[in-house]
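Hi,

Here is the structure I said I would pass on. Have a look at it first, and then read my notes below.

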Amino acid sequence: MTTEISRRNVLALGLAGITVGLLAGCSSDDSSSTKDAFSGKSKGAMKSLGVNEQFKATTPLTVSLLFQDNPAYPEKSSWEIWQDIADKTNVTFKPTIVPYADYTTKRALLINSGNAPDVIAKTYPGQETQFVGGGAIIAASDYTQYMPNFTDKVKKWKLDPDLATIRQADGKFYVFPGLHQTLFVDYTIGGRTDILEADGIDTPTTWDEFRDVLKKVKQKHPEVQYPFSDRWLGASTLNLAAVTWGTMAGPNWGIGNGLQFDTKSQKFSFAPASNQFKDLLKYFAGLVKDGLMDPESFTQSDDQATAKFETGRSYFINVNAQTLVLSRTQMEKNLGAGAFKIAKLPNPAGPKGKVVGGSRLENGIMVSTDAAKKSDFQALLQFIDWLWYSDDAQVFLKWGVEGKTFEVKDGKYELLPGYKLSAYGFGDPNAKTDIRNDLGFSCGNFMYGGTTKIVDSTMPPEELAWQKIMSSYKQVPPAPAVPYTPTQLQQATLQQTALIDAANTATLNFILGKQDFDQWDSYISSLKSKGMQTYVDNANRYYAKLQKKMGS
């Protein structure tokens with residue numbers, strides 16, 4: 001769960017970048033522009049590379065790689081994936097293995113000291129911003145035109161608005177992000193469906209219905225003090241609910257920099273000062289006041305929240321697919337197999353209807369400037385384009401070698417006898433070889449997005465059914481980032497910190513009843529005193545100036 005929370009912290013920053021410029025849809029060939037771009041740097045490169053064509057370096061290539069080691073499946077030099085990649089591409093990785101907990105620090109040290117490997121894996125959009133000014137990483141967008149698989153997906157999946165969220169003040173982006181065909185939604189309210197069934201209560205489809213369900217459950221089960229006791233300090237729930245109210249909320253999750261973008265006016269506003277934000281807080285304040293939601297939801301540890309849910313002291317909690325499985329396993333121990341039923345509920349609809357927010361960008365890779373100076377740079381880009389962006393490679397990285405570890409039956413991926421993927425519940429649980437733990441496939445350093453079919457391939461039927469429901473929801477367009485210069489970014493960060501801290505404090509006080517809504521005007525005045533208007537005006541001025549400069 002730490003990984004998911006960190007991801008949202010990073011994506012929420014949204015401080016640097018612009019929303020202009022379209023990616024060129026060119027494929028790598030031997031045109032004059034390509035020759036000029038890679039003059040003296042084409043050693044090992046294929047003369048041409050098309051979409052979903054197999055890349056294989058014409059001469060052996062060695063690529064250094066910064067690799068985040070996950071304690072759940074620690075790296076082994078004996079992993080077959082290393083040799084399989086070499087066999088397919090004529091490229092050998094030279095990995096620098098860094099422990100999961102030390103990865104962020106080690107990555108910064110290597111980059112800032114000028115000793116970064118060629119490829120820096122596991123980089124979430126936003127994490128690259130700190131390295132842009134130092135010149136140690138390349139502007140990825142300068143080279144995507146030579147990457148046919150990348151540009152094909154951007155064009156087909158209409159990902160330019162998503163890429164706009166990571167462009168820097170110079171109009172470029174500096175990370176090769178993972179690309180999703182469709183928005184991947186995971187977090188929602190989870191609950192005891194056996195209780196709903198036994199009490200004849202319909203599954204809620206709106207936030208108003210969810211409140212009514214909580215009331216009915218509390219009436220029928222007075223022994224449960226609070227039917228809804230949340231984890232993650234309530235931030236995930238506030239995040240998914242805020243979108244349906246047309247605002248942003250959730251400390252370290254959805255509130256981000258607080259700047260909400262209106263696509264019609266093409267202007268930013270400060271979301272925590274809006275009437276929609278006020279109405280959102282009123283809803284949750286009402287749940288707490290009526291004894292429907294545990295007030296400790298916003299202060300208790302994750303372990304405390306899950307313990308209440310998994311022992312039957314609460315019936316609803318925020319979940320994702322992974323935590324649902326973990327809770328089910330623990331509840332079988334606590335309550336007994338067959339004594340309960342839990343499931344992910346569809347995201348409740350709010351005043352804005354059935355909508356979800358988010359970006360279709362996934363964590364990706366950075367490439368060091370030193371790698372761009374090497375004689376095999378063009379081959380490196382072709383390799384990156386195939387390994388991280390071609391459909392064939394994404395299937396290979398997730399499932400292994402077809403005919404050896406898996407086969408495709410009726411369009412579905414199935415592990416062959418002797419193999420399992422225990423993390424996702426695939427294959428014979430008694431099989432000797434786990435394709436992740438023992439072979440290195442389905443590893444987080446390589447699995448970055450992909451087609452809906454590929455992403456869905458490791459989901460159990462229960463999750464696929466939930467995803468099908470969520471696919472009917474409308475996606476709120478991601479907001480463009482503000483094109484700050486480094487100096488402007490420093491000033492904006494100071495303003496943002498003060499404003500977001502004030503908004504988060506007020507969120508807690510209003511919901512828990514420590515501050516009455518009659519004091520809303522006083523809260524707005526406090527935001528103004530902290531420079532809210534200047535913060536918003538600057539964001540709009542910088543954004544408009546760049547649009548004018550780019551002729552938009």
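What follows is a short tour of what turned up, with the cut-offs explained along the way.

First, some ground rules. This is a predicted model, so to speak of a local feature I need pLDDT of at least 70, and side-chain atom pairs count only at pLDDT 80 or more, while totals for chains, interfaces and linings use all residues. Residues are numbered from 1 along each chain as its sequence is written, and side-chain values use heavy atoms, with hydrogens and water left out.

**Confidence**

pLDDT is the predictor's confidence in each residue, on a scale from 0 to 100. The protein chain has a mean of 91, and 93% of its residues reach 70 or more. Take care with residues 1-30, where the pLDDT is below 50. That stretch still has 101 contacts in the model beyond near neighbours in sequence (a contact is heavy atoms within 4.5 Å).

**A covered strand with two partners**

Helices (H or I, at least four residues) and strands (E, at least two) are DSSP runs, numbered from the N terminus. Buried means under 20% relative accessible area, exposed over 50%, and partly exposed in between, using a 1.4 Å probe and protein chains only.

Strand β4 covers residues 176-180, and five of its five residues are buried. Two strands pair if DSSP finds at least two bridges between them. β4 runs antiparallel to β11 (residues 361-367), with three bridges joining them, and Leu-179 has Leu-361 as its bridge partner in β11. With β17 (residues 449-450), β4 pairs in the parallel sense over two bridges; here His-180 is partnered by Gly-450.

**Salt bridges**

A salt bridge here is a side-chain nitrogen of Lys or Arg within 4 Å of a carboxyl oxygen of Asp or Glu. By that rule there are 16.

One of them joins Glu-80 and Lys-404, with the closest N and O atoms 2.7 Å apart. Glu-80 sits in helix α3 (residues 80-89) and Lys-404 in the loop between α16 (391-399) and β12 (406-409), 324 residues apart. Glu-80 is partly exposed at 28% relative accessible area, and Lys-404 is partly exposed too, at 36%.

Lys-374 and Asp-118 form another, again with the closest N and O atoms 2.7 Å apart. Lys-374 is in the loop between β11 and α15 (377-389) and Asp-118 in the loop between α4 (103-112) and β3 (119-123), so the pair ties together parts 256 residues apart in sequence. Lys-374 is partly exposed at 36%, whereas Asp-118 is buried at 6%.

Then there is Lys-344 with Glu-463, at 3.1 Å from N to O.

**Helices**

The axes of α12 (residues 275-289) and α19 (residues 486-511) come within 8 Å and cross at roughly 40°. The two helices are therefore oblique to each other. (Axes are lines fitted to C-alpha atoms, for helices over the stretch in contact, and angles run from 0 to 180 degrees between N-to-C directions; under 35 degrees counts as roughly parallel, over 145 as roughly antiparallel, 65 to 115 as roughly perpendicular, and the rest as oblique.) Among the residues making the contact are Phe-277 and Leu-281 of α12 and Phe-510 of α19.

Finally, α16 has seven of its nine residues buried, including Phe-396 and Trp-399. Gly-400 comes after α16, with a positive phi near 100°.

Cheers
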